[in-house]
Amino acid sequence: MVKKIILPAVLGVAVVSQAQAQIYEIVNQIPSLLSPALSGSGSYKGSLEAGWSKTLGDKKADFLEFSTSQGYQYNSWFYMGAGIGADILFAHQNNNWGQDWEIDYPSYAGHSSTKTAVMLPVFTDFRASFGAPDKVGFFIDLRLGCSFLLSDQYIEIGNGYLTNREYFYLRPSLGFRIPTSTNHPKQAVLLGISYKLLTSNYWYSYSRSTTLNSLGVNLGFEW
């Protein structure tokens with residue numbers, strides 16, 4: 001009976017100790033990841049990207065996306081930088097769009113509106129690459145920031161409007177990294193798929209918030 005109690009306890013302590021050791025190792029690596037940017041000794045890397053995405057759910061829209069990211073390649077696998085983009089939004093209306101809006105929300109009826117607009121994402125960019133730099137490999141990318149709606153008009157979307165100017169922006173993506181030259185392994189084509197989340201507060205059907213979820217494909221070049 002004692003052995004049955006002691007053995008699981010020993011195994012539990014071993015698992016906890018191993019997890020603590022891994023956390024300790026990760027924490028110890030943080031200064032070495034940050035020091036190149038702070039000291040200016042990191043390896044510069046830039047990228048350009050174009051893509052297309054389509055929203056899911058009732059608020060339907062297509063996005064034609066262009067962006068650039070500039071930052072530091074800290075080591076063979078980790079990159080961190082900052083970026084800016086231009087997302088051209090093409091909104092779609094549901095079949096019942098506009099029903100009762102002039103009656104229930106008269107303030108909207110007198111406001112000019114459109115189905116196209118430009119959004120400006122500004123973000124921090126984190127990217128991890130797996131595989132030899134001169135071979136085809138994989139990458140995982142995370143963009144986190146804000147996106148600004150550059151329009152004085154309301155955007156007709158779904159069965160309502162987008163009216164707010166600022167949106168929380170989150171876009172993880174993954175895909176293939178394909179070097180363009182063995183002599184210049186830093187230069188590579190990036191082929192990926194992405195998920196994008198935009199969320200903000202605005203007036204829509206008795207709710208004070210909205211969320212746009214979209215899936216997309218991306219083509220990029222880094223150097």
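Start by selecting residues 78-91 and residues 116-130: these are strands S3 and S5, and they pair antiparallel over eleven bridges. Strands here are DSSP runs (E, at least two residues), numbered from the N terminus, and two of them pair if DSSP finds at least two bridges between them.

Before you click on, note that this is a predicted model, where local features need pLDDT of at least 70, side-chain atom pairs count only at pLDDT 80 or more, and totals for chains, interfaces and linings use all residues. Residues are numbered from 1 along each chain as its sequence is written, and side-chain values use heavy atoms, with hydrogens and water left out.

Now pick Gly81; its bridge partner in S5 is Asp125. Which residue of S6 stands opposite Leu120? Phe148 does. S5 and S6 make a hairpin with six residues between them, and Gly131 in that turn has a positive phi of about 115 degrees.

Hop over to S1 (residues 43-56) and S2 (residues 61-73), another antiparallel pair, joined by twelve bridges. Leu48 faces Thr68 of S2 across the pairing. This hairpin has four residues between its strands, and Gly57 in the turn shows a positive phi of about 95 degrees. S1 also runs antiparallel to S11 (residues 210-222), with ten bridges; select Trp52 and you'll find Val217 of S11 opposite.

Last stop: Lys196. Its charged end sits over the ring of Phe63, 3.7 Å from the ring centre (the rule: NZ of Lys or CZ of Arg within 6 Å of the ring centre and within 35 degrees of the ring normal).
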